[in-house]
Structures are given as C-alpha cells and as structure tokens.
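Hi,

Here is the structure I said I would pass on.

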Amino acid sequence: MAEYVVEFGKDGRPVEPDGRLDAAAFHRNHEPIWAVLQRFLAGKSGDVVEVGSGTGQHVVHFARHTPDITWWPSDLNERHLKSIEAWRAHAALPNIRPALRIDLTDPAWCPPMHDGSGPAELLAVFCANVIHIAPWRVAEGLFAGAGRYLRSDGRLFLYGPFKRDGKHTAMSNAVFDTSLRQQDAEWGVRDIADVEKLAAGVGLALVETVPMPANNLILVFGRSGASA
Ligand SMILES: C[S@@+](CC[C@H](N)C(=O)[O-])C[C@H]1O[C@@H](n2cnc3c(N)ncnc32)[C@H](O)[C@@H]1O
C-alpha cells in the first residue's frame, strides 16, 4: 500500500497544539525500520542525519535506542520543521539536535557541516519515503551529499518502494507510482538500478537490500570497497 499520498497535517489525523504531526505510516513502519538500522547502529557512536524527516517521529524513536549517537533531523518544509522541533521538545532527549533546514536539491546539502556548527563526518544518513515523492534531482543531491559526508565506514539507509529491473515488485506499488506521476510528472517509484548508478558515481555501493512490510525495501549503501 502507498504510504504517503496526502500531506501530513492535512490528512485528518490530529495535529497537536504545539505543531506535532502524526504520520499513520510511522506507527506501522518504525519498528521494522529500526530492526534493520539497529544491526548497524547498536553500540556505535557518531552523528546521523535524517533527511526529509517529515513529522520527526522516526528520529525520536531511533534516538531513544542509541544514547551514544547524535541525531540531526532535517527537512525543508516549514510545517514539518515545526513538527520535528515539537517532537524533539516533547521527547526531551539529549541526543537529538535542532532540526536542520536541508534541501536535497543542493548537492552540498549540509552547510552546518562545512562551517563546523553541525555534525562531523556522518556515521549514517537515513532517508525514508522521499526520493519517489520528489524530482530525480533530489535523489541526485541525496547521493552527492552522502558521498561527501559519510565517514569511511558510514552507511546510507534508503527506505521506500522501488522497482527492480524496471518492474514493480507489487501491484500496489504500480498503482501508487501512477498516482504519484499524476500528481507530479517528475515524481515516481525509482528503479534500484538507477539508484545504484547514482551511488557508483559518488563512490558508494549497494551493500544490502532488505525486504520490508507493505512491499517496501531498505537499500543500504556503503563506500565502495569498504569492509562490511
Ligand atoms: C513523504 S514525506 C516522508 C517523511 C518521513 N521521512 C517519513 O517517512 O515519515 C517526504 C518528506 O520529504 C521532504 N522533502 C521533499 N523535498 C525535499 C527536498 N528537496 N529536500 C529535503 N526534503 C525534502 C518533504 O518535506 C517531506 O517531509
């Protein structure tokens, strides 16, 4: 099933007075996603940026499990940035930093890293449900930045629906893809091979493909040639 076809806060779900938005899909997908991330992140320390954080709920869940990791949520939508900040305040966890305004169409999407006010080289980048609901240049920017900012043992986790060898993996994804393209001709479910080509261009390689509920996948990228 398609996870996002309406904007958070405009889908009839409650909006808290402080601006916290609630994504229905978060409640279904955060545990399966965490089960994959924790295999890599558990026991590690460092900085992790989430791009396109949306409501901000995922970072809160992940940060609770990883006190030695500093989480940097981000988005470019003002309403979402407000929600991320509200969830951060609500959670009151010391390892979640204020939301960054990151626009993935900029290949150098993490300016605070350049001026020293943001994270250091990244242990991981997490990106869920973004590159199919955005123009392809967002995927290009995501990978350009990941190639630049990930540390040598770092990982990019990319969650969402994907095509494999040009074909949808489920009828529901095909229907979702059509609805996305009807909303915006530049949107659409991406093919794994096309995403791998972007990765190769910035020195990253697909190291794992993990099936997820509802015909989604997590694609895990690391530096080409780096040991697992
Ligand atoms: C479908 S939501 C997914 C939110 C969250 N990751 C989740 O899974 O619940 C897509 C998010 O990508 C963000 N987004 C869209 N274009 C973007 C861009 N160019 N740079 C960064 N974020 C972007 C949107 O503002 C939105 O919050």
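An α-helix has 3.6 residues a turn, so residues three or four places apart point the same way. Helices (H or I, at least four residues) and strands (E, at least two) are DSSP runs, numbered from the N terminus.

The length of α6 checks out too: at 1.5 Å a residue, its 13 residues (171–183) should span 18 Å, and the end C-alpha atoms are 19 Å apart, which agrees. The expected span is 1.5 Å times one less than the number of residues.

**What you are looking at**

This is a predicted model, in which local features need pLDDT of at least 70 and side-chain atom pairs count only at pLDDT 80 or more, while totals for chains, interfaces and linings use all residues. Residues are numbered from 1 along each chain as its sequence is written, and side-chain values use heavy atoms, with hydrogens and water left out.

The average pLDDT (the predictor's confidence in each residue, from 0 to 100) is 93 for the protein, and 94% of the residues score at least 70. Over residues 1–5 the pLDDT is below 50, though this stretch has 19 contacts in the model beyond near neighbours in sequence. Where pLDDT is low, the predicted coordinates should not be read in detail.

**The six-stranded sheet**

There is an open sheet of 6 strands with mixed pairing, in the order β2-β1-β5-β6-β11-β10; two strands pair if DSSP finds at least two bridges between them. β2 (69–72) and β10 (204–212) stand at the edges with a single partner strand each, so one side of each is left without a neighbour in the sheet. From one strand to the next, the twist averages 20°. Axes here are lines fitted to C-alpha atoms, for helices over the stretch in contact, and angles run from 0 to 180 degrees between N-to-C directions.

Two pairings to click through:
- β1 and β2 run parallel and are joined by 4 bridges, with D47 opposite T70 in β2.
- β6 (150–160) and β11 (216–223) are antiparallel over 6 bridges, and L158 has L219 in β11 as its bridge partner.

How enclosed is β1 by the rest of the structure? Largely, because 5 of its 6 residues are buried.

Helix α2 (57–65) touches β1 (46–51), β2 and β5 (122–128), and its direction makes about 175° with that of β2. Helix α5 (136–149) lies across β1, β5, β6, β10 and β11, at about 155° to β6.

Within α2, H58 counts as buried because its relative accessibility is 6%. Leaving aside neighbours within four places in sequence, H58 is in contact with F26, N29, H30, I33, E50 and F126.

β7 and β8 run antiparallel, joined by 2 bridges, and K163 has H168 in β8 as its bridge partner.

**Two positive phi values**

Most residues other than glycine have a negative phi, and most peptide bonds are trans. Which residues have a positive phi without being glycine? A92 is one, with a phi of about 50°; A92 is found in the loop between α3 (78–91) and β4 (100–101) and is exposed at 59% relative accessibility. D165 is another, with phi near 50°, in the loop between β7 and β8 and exposed at 67%.

Best wishes

Conventions
Contact = heavy atoms within 4.5 Å. Buried < 20%, exposed > 50% of the residue type's maximum accessible area, 1.4 Å probe, protein only.
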